[in-house]
Amino acid sequence: MEGSGDGSPQSSMCMVKAAELFPKPVLEKEEEKLSVRFSELAGESVKYLGQTDDGVLALSNYRLFLQKNSTGAETSVPLGLIESTQVRDLFHLIVNCKDASTVKCSFSTSEQCAEWQRRITLSIGIPETLEALFAFPFHAWASESPTLNQDNEWYGRLQRVGNYDDDFRKEVERLQFDLQGAWRISHANAEFKLCPSYPRLLLVPACIPDDTLQNVASFRSSRRIPAVVWRHERTGAVIARCSQPEVGWLGWRNSKDEQLLKAFSDACAFDRGTQESRTRLNSTASSESSPPSPEGSHEEVEMDEPKKILIVDARSYTSAVTNRARGGGCECPEYYPSAEIQFMSLGNIHVIRKSFHALRQLCSSQPDIPNWLSLLERTMWLQHMSGLLAASMVVCHAIERNGRPVLVHCSDGWDRTPQIVATAQLCLDPYYRTIEGFRVLVEREWLSFGHKFSDRCGHGPGSDETNERCPVFLQWLDCVHQIHRQFPCSFEFDMGYLIKLAQHSHSCLFGTFLCNTVKERLENSVPDRTFSVWPFLSGPMYKNHLYVPNRERVLWPAHSVRDLRLWTEVYLGSWGGNQSAADYPANGDGVSGQELGGSMTKTRSYGDLMTGVNAGGLTRRSSDPNMTVDSSILAGTLNLSQENSIDSNMSSDREVSPDLVDHHTSSLAMIQHTTQKLQSLTQELNQSDEELENNIKNTKRIAAAAAAAAATPDSVSSSLFINGNSNSYNFQPIVPEQPTAAAAVPPAAPPSPSPTPPPRHHQLVNEIDENTSRIVKIESYLEDVVDGRIGAAAGPPRIAKPIPVADTGFGSADLMMESVDLSGNLDSIFKYIKHFLRRHI
């Protein structure tokens with residue numbers, strides 16, 4: 001068939017419908033009662049529909065859909081975002097995504113789980129043709145929809161990509177490049193013959209002809225020559241990008257390449273001089289009210305002193321030298337006297353891929369790992385992010401502070417180079433922090449200059465080489481997220497914008513990130529046959545309501561590891577992934593953790609022993625040592641412990657021994673009594689200094705009064721016990737004292753006068769301080785605990801023997817004994833007091 005005479009396409013080609021180009025497959029159901037529980041997109045068709053243990057699972061030509069009946073949660077994962085699938089424990093299916101998130105589901109049989117793994121693996125395989133990606137049927141079916149051109153919130157944002165050439169010329173005008181003086185637009189790559197991975201229009205110094213560019217392209221890796229991408233409006237310094245020079249082991253050099261780099265410095269100096277000259281002429285014209293002549297303005301231009309161009313090599317020096325074995329290398333300072341080189345030591349795609357796989361494995365693990373932060377550190381993800389930000393700050397400092405031109409490159413100039421260049425421009429230019437400016441930035445630095453999205457994301461024909469895959473663009477979006485988090489009022493778009501952009505860079509719903517270069521997109525008519533992601537993300541829902549235009553012209557984000565945060569919205573929660581173990585059915589008889597009493601109990605320390613017996617929910621532990629214990633809890637300790645013991649023994653069909661119950665009764669009674677005494681002791685030790693001074697004064701008066709009385713040591717009642725009852729325990733400051741007249745004395749033995757104590761007695765009493773009083777009390781009480789007399793049901797009250805001060809044989813310094821640490825266990829206190837008793841009594 002022949003076409004029409006005016007050269008229009010054949011009429012038969014225009015009548016082909018989307019249903020004929022992209023027919024929908026037949027739905028395969030595991031059960032007839034199942035139904036699709038989501039609204040299908042234009043051109044989307046569900047191929048498989050099945051059931052999980054807790055919901056419905058559907059697989060279409062665009063997504064994997066999972067809905068849980070228990071929670072009603074829905075999860076939709078585009079097939080382009082799925083990295084791999086694996087089966088765990090025969091019944092559990094794990095879906096690993098390219099953004100480090102994880103989706104988990106379980107099945108009733110192992111055969112069903114294996115079948116679904118096979119279906120998903122076949123759906124995420126490398127496509128044979130580019131049209132097999134969902135962006136093409138989506139555009140074809142949506143274009144035939146009658147609501148596409150109507151006022152619809154969804155279809156109103158489905159538009160094709162704009163023209164890059166128009167954006168390029170607008171940027172040249174906005175950045176005020178002097179196309180009549182220092183710079184010019186080269187059309188040497190109009191047919192992509194100069195460099196297949198570069199855009200068609202390039203900005204180069206005006207003094208460099210196209211023949212020189214051809215010569216330089218033969219010396220640069222992948223023919224990626226140095227090209228200008230941004231200009232500082234005030235200083236005239238520019239940012240350029242390229243690939244590594246092909247120096248090789250023999251140390252080849254290229255005079256044209258050296259001339260080109262020197263031309264960048266000269267052009268910036270001339271541009272800066274032109275700008276200063278225009279400023280002077282404008283001021284003169286305003287004062288004289290007469291416009292200057294063009295000839296006069298040209299004559300007055302004075303070229304500023306050129307500054308050395310800073311070459312920022314993203315690699316380490318070792319890597320740059322190693323690349324010479326493969327024909328690459330770096331610029332030799334002797335051959336480039338107008339340049340200075342710095343190495344940033346950033347990892348290549350293999351290092352970043354390894355780090356990201358470790359991060360994804362960590363994010364898919366259980367959330368209650370105690371050393372989660374140390375494992376995050378081992379992934380080195382935040383360290384790589386810190387290095388990337390630091391390299392960008394080097395560029396910003398050279399441009400903003402020193403006014404020097406900067407040339408950035410790595411090995412090939414399409415991975416680490418756009419990361420550094422785009423981040424530096426984002427910090428230097430507020431325009432790129434707007435929604436429109438961010439689109440221009442990504443379109444130029446990532447799409448036009450040939451970042452290999454198809455190979456790095458693995459969603460295009462011929463992208464089956466896993467060694468070429470790396471989340472370079474995702475890492476850069478994470479870097480933007482770090483800056484956005486530090487300067488939340490400086491961006492017109494919000495975090496949701498970055499999250500959606502990270503997802504749709506893999507989803508294949510739009511044609512923006514398909515193919516590797518502009519040339520491939522134009523050859524496959526991708527802009528005409530797919531929608532663009534940018535109009536979709538320009539809606540009001542992705543705008544930042546905190547945005548203040550031009551709040552900070554230049555951003556200087558902190559780039560230390562301690563200032564960075566994990567992008568949890570993407571790596572942990574983008575698709576509702578990283579479910580805990582509760583998503584899986586419980587083992588055994590199928591009783592879930594909630595049915596067994598809610599959250600798992602925690603191990604309790606001795607300080608929480610009394611409150612831990614409460615049958616209710618766990619309460620917050622009190623760190624106050626003076627906390628009061630509920631008497632009802634203490635009273636119910638025995639019964640509750642017996643019931644728990646009986647219940648545990650009945651499960652094993654064993655009878656409860658009466659001796660065992662008696663043993664529990666006596667043990668718990670002893671614990672209860674000891675706990676009360678320790679609380680009383682703690683209250684006494686926490687007395688204020690004023691109370692202690694009053695007690696000591698009262699004790700001194702009692703000691704002075706008792707000095708005139710005569711009594712035997714055995715007839716003295718201890719001041720630790722009141723009314724001779726050992727069970728009524730009251731702490732009082734203890735000092736060496738003589739018995740009073742009220743002391744219990746046998747009637748048959750008349751009191752004999754006691755000699756007056758020596759003056760040393762009063763001296764020692766005066767030297768006893770509050771610490772000695774506390775320690776003596778503790779020792780007297782713990783001696784009773786060691787002997788088993790406290791808490792005994794029967795037995796005469798023990799009369800404490802006072803310390804004969806005059807006969808002790810040690811001075812006042814010995815009375816200042818070491819303080820006892822009551823925060824430890826009782827065993828250590830018992831050992832200490834036994835040692836003291838054996839030594840001094």
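User: How many salt bridges does a search of the whole structure find?
Analyst: The model is a predicted one, and the pairs in question are those in which a side-chain nitrogen of Lys or Arg lies within 4 Å of a carboxyl oxygen of Asp or Glu. Searching the whole structure in this way gives a total of 28 salt bridges.

User: Which residue meets the side chain of Arg-119 in a salt bridge, and where does that partner lie?
Analyst: Arg-119 belongs to helix α3 (residues 110-123), and the pair links distant parts of the chain, 89 residues apart. The N to O distance is 3.6 Å, which counts as a salt bridge because the cut-off is 4 Å. The partner, in the loop between β1 (28-29) and β2 (46-52), is Glu-30.

User: Is Arg-119 buried or exposed, and what does Glu-30 count as?
Analyst: Arg-119 has a relative accessible area of 9%, and because buried means under 20%, Arg-119 is buried. Glu-30 has a relative accessibility of 35%, which falls between the 20% and 50% limits, so Glu-30 counts as partly exposed.

User: What is the distance between the closest N and O atoms of Asp-271 and Arg-231?
Analyst: Asp-271 sits in helix α7 (residues 255-288) and Arg-231 in strand β11 (residues 227-231), 40 residues apart. Both residues of this pair are buried, and their salt bridge has its closest N and O atoms at 2.6 Å.

User: Which residue does UniProt list for "active site", and what is its relative accessible area?
Analyst: The UniProt entry, which is unreviewed, lists Cys-410 under "active site", a residue placed in the loop between β15 (406-409) and α13 (416-428). Leaving out residues up to four places away in sequence, Cys-410 touches several residues, among them Cys-242, Asp-313 and Arg-315. Cys-410 is buried, because its value is under 20%; the relative accessible area of Cys-410 is 2%.

Notes:
Residues are numbered from 1 along each chain as its sequence is written. This is a predicted model: local features need pLDDT of at least 70, side-chain atom pairs count only at pLDDT 80 or more; totals for chains, interfaces and linings use all residues. Side-chain values use heavy atoms; hydrogens and water are left out. Helices (H or I, at least four residues) and strands (E, at least two) are DSSP runs, numbered from the N terminus. Buried means under 20% relative accessible area, exposed over 50%, partly exposed in between (1.4 Å probe, protein chains only). UniProt positions are given in the numbering used here, feature names are shortened, and annotations may be inferred rather than shown by experiment. Contact means heavy atoms within 4.5 Å.
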